[in-house]
Structures are given as C-alpha cells and as structure tokens.
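Subject: The two-chain model, with notes

Hi,

Here is the structure I promised to pass on to you. Please open it in your viewer, and then read my notes below beside it.

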Amino acid sequence: MEYLLPTLREKREVDSLIRDTLDKVLVLRFGRPSDAVCLQLDDILYKSARDVSRFATVALVDVDSEDIQVYVKYFDITFIPSTVFFFNAHHMKMDSGSADHTKWVGTFMRKQDFIDVVEAIYRGAMKGKLIVSCPLPPERIPKFQLLYKDV
Amino acid sequence: MNQKKKKNSSEQQQFEYCEVCRLNHNQGRRHNYFPSHKTSLATLLTRFQSKLSDVKFFLKTPMLLRPEHAHQNRLWCPFCNSDVLELDSHLACGNAIEHLASVEHWKSVKGFMWKYGGGMDRVDLFRISEADYAKWEKKCKSLKTEAAKVESFGPAFEPLNNIHNELNDDYVNSFQQNNVNFLNFSVTNGVVPLHSYTNERAQVSGSVLSSASEAGPSLHNMSGGIQVRDAKYLKNSSDYMENHHCSNSLARECSSYGYLTSRSVYPGARIANGEDISLGFPKLTQISSTSQEAIEGNVHTGAPPPWFDATKGNQPDLAWKPELRDHVSSKAGKSSKLNPKRVGAAWAERRKLELELERKGGHVNNNFDADWLPNFGRVWQSGTRKESRKEFQTENKATHKADHQSEMLMPLQPYVSKRMRRDASE
C-alpha cells in the first residue's frame, strides 16, 4: 500500500503534515503493512482517498518505525490499525460508542463508512466541535476491548 | 426595425448553458465578458494546464504503467467533456496523449475557445502537436522492445501481490465456496452476481441472496428449495438482515450469527502477543507499547552523523510543499467564507500567513522544535487537550532522564536577548 498512499516513518514528517494540513481533515492510519486487517483498511482508505480529497488528506504511519514510537505512546495506540483524525492541528474525537473516543480502532466495513466518518468530522470541525458522534450504526463499528492502562 | 427588436427579445429569452460557470443564462454572447465567467474560465484553464504539464512530462519520458496504477491515472478533458481512462494502455498517460493529439480534441478545443472566449491564440497550449506525438510514439516503440528484451530474460514486472494473494488460503477458499453457492443459487433467480473475491462484493452478492429470500415465504423454505452445501450461505444472509434492521423475527433469530459472519468476512488477524480479544469482532493485532528507546548510535556504530540527519529531516517538508502551495493559494480567496469559529481557526490563519511569507522568499523561522507534539486528548485523561499534552511531555521527559541521565548534554548556546530574538523573527 505504500506506493499508493504516503507513508510516514519519521516524527518530523508526521509533525509537518499535522501542522501544514489546513482546513482539511487529516486522517492518520497507524499500522503495519504486514497486518491483514491493516491491509483491508488501507485498501478502503486508498479507494476513498480521492473521493474525500477535497476535505481530507490521508496518510499512513508505520508503527514499527523507531522515530514514531513517541506518537505511538502519546496516542495510546495499543491496537493496529488505529486511525487518528486531526483538523488544523487539533485533535478530533469521535464518540462511536466504544471505549476509545480518541481514535478509530479497527477497519471500516466499506468505503462509504469511511467517507461518512470523515465527512461527519469535517462538518463538526467546521462548526467548531472538537468531538462528534459517529454517523454509523453500531453494528458496523468494530468492537474491541480496552484494558485500563498499567493493569 | 421591428423585426430586429423581435429578434433581440427572442435571443434574450433563449437560455443556454455555460459549462464554464455551470449555469443557465439568457445573456447570449455577452455572458463571456462577465467577470465571473472570466475568472472561472481562467481557473478552469489553469487547472487543466497544470494537469497537462503532468501529461507532458510523460510525453517527454514515456514510462510503462503498472496495471494497479492504471485506474488512478486518468484525465478529464473539459473541452471534449470526456474522461480519458488509462485502463487499457501500457504506458503512463498513453491514452491521454493520444487523445490530446487527436483531431477531434483539436476541433473541440477550438470550439470551446470560440464559444467561451478563451482567446484563439492559446489553442495550441491545450493540445499536443503532431511532431511531439510522433516523437513520443518512436520512444514508446523503443521502450516496448526493451521491455520485451528484459522479459525474455525474466519477468520485468510480475503482477504484484495484492491483498487477496496475501490472505490465508482457507479464507479465500471459503469465499470461493460462497461464491459458488451464490452462483448456483442466483442463476435460478436469473440474477448473476458480480464474481469477485473482495469483501464488498461478497456483501453485495449476499444482499442479492437475501433480498430474494425476503421475497420468498421464509428463509427455511428457500433453503429447502435449494441445496445449501455450506452453512455460510445462511450466515451471510443473516448478516445482511442484521445490517438492515429487518424487523423479521427470523432475522432476529439469525442475528446472533451476525458477528460470526462478519468475523468470517475478515481475514484472520495474527495476534502479536498471543492474546485473543474474543469479542466477536475482527481480531485486532495488539502492539505492545514497550519502550523501544532509540539507541543513539555514534560514528563507530555506523550511525549517520547528526548533520546528515538534519538534512534528511528537511526533505519531507519540501516533499509536502507543492501540494501545500496550491492548497494555500486556492484557499486564499475562500478563507473569508469559512466559519471563523471552526476548530483551529486561529492556528490556520497563523500558519497560512507563515506559509505565505515563506513562499514570498523570506525564510521564516519555521524550524519548529523536534519535540513538538500536537494537542491530543488522551484516552485516560480528563481535562483539555493541552493539559494532556503537557502531562505526556513531563512523563516522556521523566523516562528520558531516567534512561540517559549521564547522556543528557545541554547544547551550549550564546545568550540572545528576547528583544533581539523578536527582531530576528520579524
């Protein structure tokens, strides 16, 4: 998937992308290309990247990279793939009924789901909201269990 | 005289569609001289010209196109109102170049310019001349013969592994079985499903199935009618029903299978820590956040010296610049329309100004700290996002200090007064 979507391996790259994506949703996928679920998500991201290009930028981040570990720790990424959303260098949360509002954990069932989520975030951000609720029905949101940290 | 007036009025009433402005108007030829039309025409032409410059790059240096990139590589020709696809060509922008060199395109460019007033002298900018086209064809021929030579030694570009090849076999097998079932089934209905292995398609074919089953008296009857070799068929249709909130009691019964099915839809994920999160949904890989502190190498261990690292760090900035530049310039006029209360509006304005300044030449003090982090609301934290960032930074520093207490070397810098710094930044 790396030849299809920009893949970031350095913290500096991630920084500059977060800082310089203005008035657009930045979708950062944390994962590794060897993971099957990641590949599925990548496929969906790649297929819809062009459709959302007017209001969103999609980039992949390699969690195995040494330089990225700061972000992996900071974003509390425990499952891959995890997708984090930014708007004007501000973190956007999404209440999807799961334990983690700060990121999207897992993949999307289909292309339209991803586009809906990004659109909801964009619309929310344009109205000044830092958290939006998920537009998808609960059965199409991947479930996961979050363990309390340090337990 | 009277006739002329009549003619005028009838002309005024005739509405025509302006493709450039995308509106119907009854102004006749006058419309071409309206400022709004002129600006939108200019933007359209510049946008197309930027795309053309990409194509012209491939005109100079023809390249082979990988089949998986083919659908990305396409060109919308606003003059001919047609999408030039590259699905069947082996060369990058091959069809686009052919199209741009064709006589039809030449004619429609002329027609377009005449109709919308772009200036007939610029017609040549939007096409590829025959001489260039002939050169390109020659180059392509040589390229193809070369490729053939290489292939005779060994496959030059074998089909790249896509997702489906990388999946475990039984997964693919199960889908093949499913698909076979769908085929058997839907042929009886006269509906041929899309034959493909991707998950989305499988869902589609599942919907074909269950829509049929809805039409039937009950699922059991239907399944009785057809030989169901695989239990997955039932599951698939139940998954569909669940997705669509079927109020059918049968669907509710089946909905317990829904998770099972969706799991079967997902390829089995490997679990790194061997820990199974069996909540019914796709098993996600859990990555251990063990602190892999960067082992800072030195010259003796073969690590690049720090100044090399610094130049490397600057490159990504440059790589992202071109996109940004268009972005900034295109958004410049738009920003007034954006909601001033949107998230990070202040940041966006500030950053835009900085980028604008940078574009004008002056190297603004853009080198942000290497430890810069965005505000991020963490999972287990309450309070503002800034607070959680601060907390993380203190955490991070604490661990860092514990690790290399001795290695912490403060770089010595000459004292620069605050006023001096402010002056320099301005």
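What follows is a short tour of what turned up. Please keep in mind throughout that this is a predicted model.

**Chain B as a whole**

Chain B holds 16 helices and five strands. It has 426 residues, and 34% of them count as buried. Among its contacts with a separation of 6 or more, 49% are between residues 24 or more positions apart.

In soluble globular proteins, nonpolar side chains tend to be buried together. Here the largest nonpolar core has 35 residues, and the members that touch the most others are A:Val25, A:Phe85, A:Trp104, A:Phe114 and A:Val117. Several elements of chain A each give at least two residues to this core: strand 2 (25-31), strand 3 (56-62), strand 5 (82-87) and strand 6 (90-95), together with helix 2 (36-49) and helix 4 (111-126). Helix 4 of chain A contributes the most, nine residues.

Apart from neighbours within four places in sequence, A:Val117 is in contact with A:Phe85, A:Met94, A:Trp104, A:Phe108, A:Cys134, A:Pro135 and A:Leu136. There is also a second, separate core of 34 residues, and its members include B:Val55, B:Leu59, B:Tyr116 and B:Trp136.

A:Phe87 sits in strand 5 of chain A. Is A:Phe87 buried or exposed? Its relative accessibility is 0%, so A:Phe87 counts as buried, the limit being under 20%. Leaving out neighbours within four places in sequence, A:Phe87 has contacts in chain A with A:Asp23, A:Lys24, A:Val25, A:Met92, A:Tyr122, A:Ala125 and A:Met126, and in chain B with B:Arg342 and B:Val343. A:Phe87 and A:Val27 are 60 residues apart along the chain, with 9.0 Å between their C-alpha atoms.

The peptide bond from A:Ile80 to A:Pro81 is cis, its omega being near 0°, and A:Pro81 lies in the loop between strand 4 (79-80) and strand 5 of chain A. A:Ala89 belongs to the loop between strand 5 and strand 6 of chain A. Although A:Ala89 is not a glycine, it has a positive phi of about 60°. With a relative accessibility of 7%, A:Ala89 counts as buried.

In helix 2 of chain A you will find A:Asp43. A:Asp43 and A:Leu5 are 38 residues apart in sequence, and their C-alpha atoms are 9.8 Å apart in space.

**Helix 14 of chain B**

How does the span of helix 14 of chain B, residues 345-359, agree with 1.5 Å a residue, and what distance separates its end C-alpha atoms? The 15 residues should span 21 Å, and the end C-alpha atoms are 21 Å apart, which agrees.

The buried residues in helix 14 of chain B are B:Ala345, B:Trp347, B:Ala348, B:Arg351, B:Lys352 and B:Leu355. These cover an arc of only 150° around the axis, so they are on the same side of helix 14 of chain B. An α-helix has 3.6 residues a turn, so residues three or four places apart point the same way. On the face turned away from the buried side, helix 14 of chain B carries the exposed residues B:Ala346 and B:Leu353. After helix 14 of chain B comes B:Gly361, with a positive phi near 125°.

B:Ser40 is part of helix 2 (residues 35-60) of chain B. Its side chain reaches the backbone oxygen of B:His37 at 3.1 Å. Beyond neighbours within four places in sequence, B:Ser40 is in contact with B:Val20 and B:Cys21.

B:Asn81 is in the loop between strand 3 (75-77) and strand 4 (82-84) of chain B. Its phi is positive, near 55°, in a residue other than glycine. B:Asn81 has a relative accessible area of 42% and is partly exposed.

Note on methods:
Residues numbered from 1 in each chain as written. Chains lettered and ligands numbered in written order. Predicted model: local features only at pLDDT ≥ 70, side-chain atom pairs only at ≥ 80, totals over all residues. Heavy atoms only, no water. Helix = DSSP H or I, 4+ residues; strand = E, 2+ residues; numbered from the N terminus. Buried < 20%, exposed > 50% of the residue type's maximum accessible area, 1.4 Å probe, protein only. Contact = heavy atoms within 4.5 Å. Core = buried A, V, L, I, M, F, W, Y, C linked by side-chain atoms within 4.5 Å. Expected span 1.5 Å × (residues − 1). Arc of directions from axis to C-beta. Polar contact = N/O pair within 3.5 Å; in protein donor to acceptor, adjacent residues only side chain to side chain.
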